[in-house]
Amino acid sequence: MALFIPMSLVPLCFPTPPTPKTEFQTLPAEIKLLIIDQLDRDTYTLSHLAACNRELYNMAIPALYANVSLGAVPHYRMWPGLAFPADRRSIERFLITILRKPHLAEFVKSLDVTDLHDLCFEHRQSSTQRRQLLLNPLAPQDHQMIMDAAMKLPLYSTIRVAMRKALGCDVPRSDAMVAVLLGYLPALKHLEIAMESEDPFREPQTTELNLIERVLISIAGARSAQTDENGISNALTPTLSKLTHLKAEVDGKSPMADIDWLMMLLRIPTLTHVFGTKWSNAQRWLRPVPGSSHRLVHLELRDCTFDALNLRRLLRQTHILETFIYERGWTEAKDWVVKAADLSQALQYRSHTLTCLELSFNRTDRKIHEELYLHPLNLSGLSHLKRLRISAGYLVQTETKSAHYEGRHWRLHDVDGAYNRNLPLHKLLPESLEELHIIQILDVLEFMLLCEKLCASLQSRIVPMSLEPHHFECLKEIKIEAPFEGEGECIFSELSRVTNQAGVKLTTIENSADYVKSWITGKSKPSCADKKIDWGFDGDVRWARPFIQRGVTH
């Protein structure tokens, strides 16, 4: 007799065998490595993982040392009495570890020292204050090991004397120890440093020269001079031979670091990508002989201010530059105005190599009208430019804005900018352009004028039998950031129609959070929040911290 069992009772009669429990240790080695790769920069987890067993140690140590950030934990930052001793301990421990176990240095690919608290701080304090900060002397054998390592570096004679003095005291200076560390990281590719903004010759009693950038310039690409026990010189690999990416930031609210140090850093022969913030053309003591940057392809300068002379000097020494990002900042000297013709002329030095260009500005807390410093530029000479991200003020100028130059802002009037404002966009932009990304539109009037000029220049691509030659034949996409607040179909209706007929993709990006006053409702808010921006033209370069673009205030 057949036995029928209800389907609901089948799991009870024929239970499914239990699935074996998979533990981390039973996973294949390839899966473990994939999991460890996801723990990038999570030093706490990686260090505990490396302490489990020898297999996980060999897997986790390369990831643990790949990206190193020296400095105290974030919640110590506001208290120098806590932050400074923690910074010192992180420097001392890491440097001694690298000198004792040089095989670990091969794993270090990225180093960030921007969080270190005032590297020369202890050199400016009395012995009583040093004791209050718990600055203990190094062990004699460690102190001697660091001194010997420093003297083996290929330094200029003046830098060698300064290093010996900085390391010779009982409590060596922090910047000197970091400088020694740079000479013993042969696989280092990415370096983030904080530059000094003080003038050592103006206040010699309160500050000392920071040795990090000076040693970096001295040793990068140089060969260490060492001999074996028989007195025969060894042919060693150049120091920092793999260093390709450098980010030099200055801590402050406005551009203040001298461009001459930036010019010196650009001469490091291995660099291909350089990033900097708050550089300016302050009148300082150093005027280096112009050099050349034969490998530099990416130069990104944010919140920086240069006059025409220094901007030309900067671009003249970059022979194969492909990407240039220049976000203008604002200094105390408001009269440093770069005319439209001067900026266009400076960019012409790289007209045959430049393919990606960004021209924008960073807001300031000072009560100045940033938009009055922007004038329409003639970029038609950049014959190889394919991608352009640009503030709207560099393309168009409204009648309302022009009227400001007839009043108390007459000194900012630019004759070339006034001439360019009457030209169509296809006369101002190169024919090679494939992507146009327009940002930082001032108001509705500027937006309407911009759309009108874009439509006029694209009209020749719509009329098939037009006697006028086609403009922007290579243009594939137009991106516009505007605060349309859900009203995009109405705001972009005419431009959308023209771009659709011309075969150009139109991408609109909502950014109402960047505006104090709404274009749609007219309502205002007290201020806009600061915005974090990733590095690189497409945000593809990862550093330990993003760039902070200041928000707008009333």
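Biologist: In this predicted model, why is glutamate 494 called partly exposed?

Modeller: Glutamate 494 has a relative accessible area of 42%. Buried means under 20% and exposed means over 50%, so glutamate 494, at 42%, is partly exposed.

Biologist: What makes arginine 497 partly exposed?

Modeller: The relative accessible area of arginine 497 is 38%. That value lies between the limits of 20% and 50%, so arginine 497 is also partly exposed.

Biologist: How do you know that the side chains of glutamate 494 and arginine 497 meet in a salt bridge?

Modeller: The N to O distance for this pair is 2.5 Å. A salt bridge requires a side-chain nitrogen of Lys or Arg within 4 Å of a carboxyl oxygen of Asp or Glu, so the pair qualifies. Side chains of opposite charge can pair when their charged atoms come close.

Biologist: What separates glutamate 494 and arginine 497 in helix H19?

Modeller: They are three residues apart in helix H19 (residues 493-502), and are therefore separated by about one helical turn.

Biologist: Are arginine 302 and glutamate 300 buried or exposed?

Modeller: Arginine 302 has a relative accessible area of 2%, and glutamate 300 has 0%. Both values are under 20%, so both residues count as buried.

Biologist: What makes the contact between arginine 387 and glutamate 435 a salt bridge?

Modeller: The distance from N to O is 3.5 Å. This is within the limit of 4 Å, so the pair meets the criterion. Arginine 387 lies in strand S11 and glutamate 435 in strand S12, 48 residues apart, and the pair thus links distant parts of the chain. Both residues are buried.

Biologist: Why is strand S12 described as largely enclosed by the rest of the structure?

Modeller: Strand S12 covers residues 435-439, and five of the five are buried, so the rest of the structure largely encloses it. Glu435, His437 and Ile439 point one way, Leu436 and Ile438 point the other way, and all are buried.

Biologist: How do you know that S12 pairs with strand S11 and with strand S13?

Modeller: Two strands pair if at least two bridges are found between them. S11 (residues 387-391) and S12 have five bridges in the parallel sense, and S12 and S13 (residues 477-482) have four, also parallel. Both counts reach the limit, so both are pairings. Serine 391 stands opposite isoleucine 439 in S12, and isoleucine 438 stands opposite isoleucine 480 in S13.

Biologist: What makes strand S10 mostly covered?

Modeller: Six of the six residues of S10 (residues 356-361) are buried. Cys356, Glu358 and Ser360 point one way, while Leu357, Leu359 and Phe361 point the other way.

Biologist: Which strands pair with S10?

Modeller: Strand S9 (residues 323-328) pairs with S10 in the parallel sense over six bridges, and four bridges join S10 to S11, which run parallel. In S10, leucine 359 is the bridge partner of tyrosine 326, and cysteine 356 stands opposite arginine 387 in S11.

Biologist: What is the order of the strands in the open sheet?

Modeller: The twelve strands are ordered S1-S2-S3-S4-S6-S8-S9-S10-S11-S12-S13-S14, with parallel pairing.

Biologist: Why are strand S1 and strand S14 said to stand at the edges?

Modeller: Strand S1 (67-69) and strand S14 (505-510) each have a single partner strand, so one side of each is left without a neighbour in the sheet. From one strand to the next, the twist averages 10°.

Biologist: Why is isoleucine 35 called partly exposed?

Modeller: Isoleucine 35 has a relative accessible area of 35%, and this lies between 20% and 50%, so the term applies. Isoleucine 35 lies in helix H2 (residues 29-37). Together with Ile31 and Leu34, Ile35 makes a nonpolar surface patch of about 250 Å².

Methods
Residues numbered from 1 in each chain as written. Predicted model: local features only at pLDDT ≥ 70, side-chain atom pairs only at ≥ 80, totals over all residues. Heavy atoms only, no water. Buried < 20%, exposed > 50% of the residue type's maximum accessible area, 1.4 Å probe, protein only. Helix = DSSP H or I, 4+ residues; strand = E, 2+ residues; numbered from the N terminus. Axes fitted to C-alpha atoms, helices over the stretch in contact; angles between N-to-C directions. Patch = residues over 30% accessible without salt bridge, like charges linked within 9 Å, V, L, I, M, F, W, Y side chains within 5 Å. Areas by Shrake-Rupley, 256 points an atom, 1.4 Å probe, with all protein chains shown as cover.
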